[in-house]
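Work through the exercises below with the sequence and the model at hand. Each task is followed by a solution in steps.

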Amino acid sequence: MSERKSPLKVNRANSEEELVQVLANLLKRCSQEALARQDKFSVGLSGGSLIQLLTKALKSGALKTEKWMFYFCDERYVPLDDSDSTYGAYKADWLTHLPSIKDSQFVRADTTKPLDDCAADYEAKVRDQVDRFDLLLLGMGPDGHTCSLFPEQPATLKESQRLVIPIRNSPKPPPERITFTLPLINGARDVAFVVTGVGKASVVKSVFVDLDKKFPAAWVNPTQGQLTLIVDAGAGKEI
Ligand SMILES: O=C1O[C@H](COP(=O)(O)O)[C@@H](O)[C@H](O)[C@H]1O
């Protein structure tokens, strides 16, 4: 058990429609706050189940996205056109549903470089372009992993210098990835987990109520930012 640096805000949605609306409201608030401070809204994206929910939120929210820049909280080390590529998945979805978002708004990893260089190069891009992320959208697996920080690889949680690291032997395929580290994640202004499905109910309790540090997601604790949990009825069943 350890203390949160700021209170956790929990949003429980009773339907997918409601969850999408909560996500749209979060995007609206964070983008308005960011654009009142500066000329750009920096958002870190995760993959997996978040992709389609975010697409729906962006569609329903009728938000002006010209000044938004999208980064990847983690990325699979595969070619950009591989079906496992998170960038590729967003690109395919948004090309169809959100044509106003341009490819130049994605800051993607160069997976043609060797894995270590790919991570270092992505870190250099982040350091060059972002002082502090305005919003990170995170998912969580049933094993309590977030980004590509897995419970089987606890050393990744101790990283204190690098902001983006390579991952080898990921327990979830594909085995090679790059991921944001805790110093970068916990420096963000807003960090929101979007977690759905009853299969994640018990890990949601372990992470967000018990703060059980054997789960990487429990290490997410923004030092001066807001942490939000958005769950559907299934994932929120035990909290
Ligand atoms: O492999 C990954 O998994 C997590 C969780 O995905 P979900 O489908 O269970 O929501 C995701 O957040 C991460 O970006 C991805 O690389």
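**Exercise 1: the ligand site**

In this predicted model, a backbone N or O atom of Gly47 lies 2.8 Å from an oxygen atom of the ligand. Describe the other polar contacts of the ligand, its burial and its surroundings.

Solution. Start with the side chains: a polar atom in that of Ser49 is 2.5 Å from an oxygen atom of the ligand. For His145, a side-chain N or O atom lies 3.0 Å from a ligand oxygen atom. Next, take the area: the ligand alone exposes 380 Å², and the protein buries 92% of it. The ligand is placed in the largest pocket. Finally, list the shell: there are 14 residues around the ligand, and Gly47, Ser49, Asp74, Lys172 and Lys200 come nearest. By class, this shell holds two nonpolar, seven polar and five charged residues.

**Exercise 2: Leu211**

Is Leu211 buried or exposed?

Solution. Leu211 is in the loop between helix 6 (201-208) and strand 9 (226-232). Its phi is positive, near 50°, in a residue other than glycine. The cut-off for buried is under 20% relative accessible area. Leu211 has 9% relative accessibility and therefore counts as buried.

Conventions
Residues numbered from 1 in each chain as written. Predicted model: local features only at pLDDT ≥ 70, side-chain atom pairs only at ≥ 80, totals over all residues. Heavy atoms only, no water. Near = heavy atom within 4 Å. Polar contact = N/O pair within 3.5 Å; in protein donor to acceptor, adjacent residues only side chain to side chain. Areas by Shrake-Rupley, 256 points an atom, 1.4 Å probe, with all protein chains shown as cover. 1 Å grid on protein atoms, 1.4 Å probe; cavity = no way out; pocket = protein on both sides within 12 Å on 5 of 7 lines; lining within 4 Å. Sits in = over half its atoms within 2 Å of the grid points. Nonpolar A, V, L, I, M, F, W, Y, C, P; charged D, E, K, R; others polar. Helix = DSSP H or I, 4+ residues; strand = E, 2+ residues; numbered from the N terminus. Buried < 20%, exposed > 50% of the residue type's maximum accessible area, 1.4 Å probe, protein only.
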